[in-house]
Amino acid sequence: MQTVKMVVTGPFNAGKTEFIRSVSEIDVVSTERKISSDAEKVKDQTTVAMDFGRISIDENLVLYLFGTPGQRRFDFMWEILSEGMLGFIVMVDSARPETFREARNILETFHAYAPTPYVVAANKQDDPDAWEVEDMRIALRLSSEVKLLPCVATDKETVKSVLLELLYSILEEMEISDVLPNDEKHLDA
Amino acid sequence: MALKGNLRDFSITQLLNLISMARKTGTLILEREPEQIYISFREGKLSYARNGKDSAGLTMVLYRAKKLNASQVRIINEKAAGMSDKELGLLLINSNLLSQREILTSLQLYYLSMFNRLFTWNEGLFRFDNELLPPKDKITVRINLENLIIEGTRKMREWEQLQDEIPSLDMALRFSDRPGVNLRNLNLNVEEWKVISFINPKNTIHQIAKATNKNDLEIRRIIYSFIQAGLVELIRPAGPTLPPPPVQPKITAPQASKTEQKSLIFRIISRIRSL
């Protein structure tokens, strides 16, 4: 049985657990704990180690989705989780501009751990306070080549389209590496 | 869709940069009790500004810019009551009282005075309204934001330094005990004299600012220069335990040929599509 993995990362309360829950065929193995800090009490529980979802591709292949803890004090988990990943998704809460800088930092950190393809999901686009995707692109300082995708983590169809876009990016990356020698590969962070 | 938040989380320079880059048209509304400032943009350029719900009419703007004197203002108010700013502007130009350039420059300075104040705001709610445009009878301008952002960033740095030196406007001031120093011999400008006249341990800096009609940056600048000169002194008025990480399934990056890797990705794509 072959296994591959993708990582879902992003700031606290960006919707990573919900994203994995929407497509996982198993109940997400979650390490959520009650939040102790008043400053972070925008929800009752948060992921402290990782979330873990699974999609069986066929009888010989399984895709695992790992969600990282959002709180910075658990960032020692990030490097462990990023090892061997096919690519990663950075979830950003579109209605909380105060988390955009943190999202950018997480993106840069993950890209430094493993320069694999990634996409950015502008989550909670159904929230009336959500920023427009193109405004978020400027705020997050993402170049036009980086895929920034509208998403509602509770909506399976948008979650699927984010996963598919990441897979297309992985394919494109493979094709580039077929054509170019290693030192000419370009990844935009 | 919303473009809103708090300047505490998304600074004014980031916000203006976004408006400039996205070439936005609409009005940015910023609120910090008790103030409310409206800044309008057209295709990413500053076009109009007003403080609160009421904007100063053209006559008052020109009077403040010393382009009109009090008697001229009185005559205009009597004879041109009910005229829009655009009509009044044309009347002033046609009667050779002011040139178009003088009117536009005065308006630009007025709009910029409000715009520049925002760089002293560390927090405050903001929202961008695409539908809210300047009133049709008002004269608008077109000012590129790039230089304003650079200049504003400089002001922010100065502001941060002044905040370090004068952390709170709730502090009061008293004259330093410096025998032999006669205030009358000091070379102060009118604004500085106004501030000096209110220095008293009973008055907070905030109260002095209000009485002399100065914003936070202006009052801090003046007080800082007094402190530096040794004239005045500031006085006070009165983790959860982590569970052991679950054992991670042993997953390794696929070590296969390019063709096999691509085939693997295609299999995943096909499966995700069918979910």
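Biologist: How many of the residues of chain B count as buried, as a percentage?
Modeller: This is a predicted model. Chain B has 275 residues, and the share of them that counts as buried is 22%.

Biologist: How many helices and strands does chain B have?
Modeller: The elements are DSSP runs, numbered from the N terminus. For chain B the count is 10 helices and 7 strands.

Biologist: Are H1(B) and H6(B) roughly parallel or antiparallel?
Modeller: Helix H1 (residues 12-21) and helix H6 (residues 145-165) of chain B pack with their axes 10 Å apart, at an angle of about 170 degrees. Angles over 145 degrees count as roughly antiparallel. H1(B) is therefore, relative to H6(B), roughly antiparallel.

Biologist: How many nonpolar, polar and charged residues are in the contact of H1(B) with H6(B)?
Modeller: On the H1(B) side are B:Thr13, B:Leu16, B:Asn17, B:Ile19 and B:Ser20. They meet B:Leu145, B:Glu146, B:Ile149, B:Gly152 and B:Thr153 in H6(B). By class that contact has 4 nonpolar, 5 polar and 1 charged.

Biologist: What span should helix H5 of chain B have?
Modeller: H5(B) covers residues 100-117, which is 18 residues at 1.5 Å each.

Biologist: Which residues of H5(B) are buried?
Modeller: Their cover includes strands E3 and E4 and helices H2, H4 and H6 of chain B. The buried residues are B:Ile103, B:Ser106, B:Leu107, B:Tyr110, B:Tyr111 and B:Phe115.

Biologist: Where in chain B does pLDDT stay under 50?
Modeller: Chain B averages a pLDDT of 84, and 89% of the residues score at least 70. Where pLDDT is low, the predicted coordinates should not be read in detail. The stretch under 50 has 22 contacts beyond four places in sequence and covers residues 239-252.

Key: Residues are numbered from 1 along each chain as its sequence is written. Chains are lettered from A and ligands numbered from 1 in the order in which they are written. This is a predicted model: local features need pLDDT of at least 70, side-chain atom pairs count only at pLDDT 80 or more; totals for chains, interfaces and linings use all residues. Axes are lines fitted to C-alpha atoms, for helices over the stretch in contact, and angles run from 0 to 180 degrees between N-to-C directions. Helices (H or I, at least four residues) and strands (E, at least two) are DSSP runs, numbered from the N terminus. Angles under 35 degrees count as roughly parallel, over 145 as roughly antiparallel, 65 to 115 as roughly perpendicular and the rest as oblique. Two residues are in contact if their C-beta atoms, placed from the backbone, lie within 7 Å. Ala, Val, Leu, Ile, Met, Phe, Trp, Tyr, Cys and Pro count as nonpolar, Asp, Glu, Lys and Arg as charged, and the others, Gly among them, as polar. The expected span of a helix is 1.5 Å times one less than its number of residues. A residue is buried if 20 or more other C-beta atoms lie within 10 Å of its own, exposed if 12 or fewer, and partly exposed in between; C-beta atoms are placed from the backbone. pLDDT is the predictor's confidence in each residue, from 0 to 100.
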